[in-house]
Amino acid sequence: MNGTVARKQQPEQITFAPNFAAWQKVARRALANDLAPESIVWEELGSDQPALAIFNEHETPVNAPDTRFRVPRSFVKSASLVACHRGSNRWTLLYHLLWRLTHGEPHLLEIVVDADVHDFMLMEKAVRHEVHKMRAFVRFRAIEHDGVTWHVAWFEPEHHIVELNAGFFRDRFANMRWSILTPERCVHWDGRHFTFTAGVPKSEAPRQDAMEALWRTYYGNIFNPARVKTKAMRKEMPKRYWKNLPETEIIPTLLEEAPARVEKMFRENDARESEYSIAQPPLTDDWEKLREAGCACRACPLWKNATQAVFGEGPLDSEIMLVGEQPGDVEDRGGRAFIGPAGQLLDQGLSEAGIDRTKVYITNAVKHFKWEPRGKRRIHQTPNSRDIAACRPWLEAELRLIKPRVLICLGSTAATTIFGTGARVLRDRGQMRESKFAPKTMITFHPSALLRAPNEATSAKQYALFVSDLRLALESSKTATQACD
Ligand code: URA
């Protein structure tokens with residue numbers, strides 16, 4: 001491309017290697033040269049040819065204004081997926097959106113009913129779906145190759161996702177040497193490097209071997225006979241993948257055995273059920289005695305894996321009482337509620353709202369830490385309805401003793417414990433209502449949820465709401481009358 005680029009009447013042909021990075025480069029140049037979507041014809045090169053024609057990938061744009069084209073980051077991320085879609089119109093669509101985003105419609109992606117945006121979202125979804133399917137349905141078969149074991153899998157993706165998924169398989173199978181063969185593109189990992197080669201016919205993929213048995217055992221183990229829904233199974237594992245999956249051979253047998261296995265599961269569940277009862281706190285106004293009894297509670301099996309029970313704490317004449325979910329890792333070791341990362345955020349929120357933590361009573365719906373091991377870490381597990389029901393009498397005993405004017409439920413577990421299973425944090429938060437336990441009861445975010453927010457903007461927004469909820473709680477504590485219990 002030489003000299004000044006004037007907007008031309010005839011469509012410009014832009015050739016580029018059919019991958020997102022190459023398209024991005026030429027698209028940027030097209031934008032810089034003010035080429036409207038209708039004046040471009042996108043022409044894919046063979047993936048191993050260099051990009052040529054009017055926008056060479058390495059060319060500096062001539063007379064292009066030095067403009068930074070700003071588009072939402074989410075667009076770039078989604079566009080990189082849409083670029084893997086099989087649809088031949090994807091480049092045209094991407095440039096159309098890019099043009100509109102940079103020509104007066106910066107919020108275009110929020111208009112989900114827009115036809116371009118709609119198509120864009122559908123294409124992204126289809127690619128994501130296929131990425132997921134490839135991860136789930138690739139089955140390696142071991143072969144001997146030059147004296148070493150090589151694992152080879154055959155897969156037929158609907159979209160161009162081999163490169164996109166290569167990193168996933170490398171991370172999973174870093175120590176193996178493997179190849180994934182597809183009709184269009186193959187990827188090979190030799191334990192150190194990737195190589196990508198052209199597609200091959202299925203006849204080049206190895207057939208049956210001992211790995212099959214392994215997969216069948218694995219599938220047999222994860223198959224849940226109580227959840228047999230053949231329609232859903234077919235949706236999750238579409239028939240077109242079946243022919244390459246060793247485990248599908250055993251599905252008929254598994255289905256046949258399902259009733260007997262369900263019965264066995266029920267028997268085991270009954271045995272687990274017997275580990276649960278409902279706590280029976282002593283009838284006392286003496287908080288110390290209550291705490292002592294609470295710490296010795298064995299009404300559910302959670303005590304077995306916990307270091308200790310974590311009872312509530314705070315002045316017994318507190319006007320405000322806060323209820324969280326259950327102690328976390330730090331609380332389990334330290335023996336006090338909300339002293340870990342969530343506790344620090346809670347302290348910050350309370351302080352910003354003008355509430356003195358030492359003047360409120362803080363407790364949890366469940367008093368033992370529920371967790372499961374992952375490596376050396378103890379990973380939090382949300383308490384289920386039986387855990388909550390078993391522990392509930394302790395919370396009720398605390399509520400009877402404190403009689404708070406204002407009760408704050410932090411997050412979903414506390415909210416459903418106090419208001420029942422219909423309570424929803426996002427829908428119900430920030431509203432003062434009467435409950436069985438306090439004249440003014442409110443639901444707000446759990447500080448851990450703020451820590452887990454998907455991005456900074458959401459986290460900041462939710463934190464501001466959290467503080468304003470706490471402020472409202474403080475205001476209400478000044479006006480509320482005492483609970484009559
Ligand atoms: N999360 C809770 O719900 N409670 C705690 O005490 C700590 C973290």
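A salt bridge is a side-chain nitrogen of Lys or Arg within 4 Å of a carboxyl oxygen of Asp or Glu. By this rule the structure has 24 salt bridges. The model is predicted, so local features need pLDDT of at least 70 and side-chain atom pairs count only at pLDDT 80 or more, while totals for chains, interfaces and linings use all residues. Residues are numbered from 1 along each chain as its sequence is written, and side-chain values use heavy atoms, with hydrogens and water left out.

**First stop**

Select R100 and D114. They form a salt bridge whose closest N and O atoms are 2.8 Å apart. R100 belongs to helix α3 (residues 90-102) and D114 to the loop between α3 and α4 (115-137), so the pair ties together parts 14 residues apart in sequence. Helices (H or I, at least four residues) and strands (E, at least two) are DSSP runs, numbered from the N terminus. R100 and D114 are buried, a term for under 20% relative accessible area (1.4 Å probe, protein chains only).

**Second stop**

Select R378 and D332. A salt bridge joins their side chains, at 2.9 Å from N to O. R378 is in strand β11 (residues 377-380) and D332 is in helix α11 (residues 329-334), so the pair ties together parts 46 residues apart in sequence. R378 and D332 are both buried.

**Third stop**

Select E398 and K367. In this salt bridge the closest N and O atoms are 2.7 Å apart. E398 sits in helix α13 (residues 385-402) and K367 in the loop between β9 (361-364) and β10 (371-374), so the pair ties together parts 31 residues apart in sequence. Both E398 and K367 are buried.

Technical notes
Buried means under 20% relative accessible area, exposed over 50%, partly exposed in between (1.4 Å probe, protein chains only).
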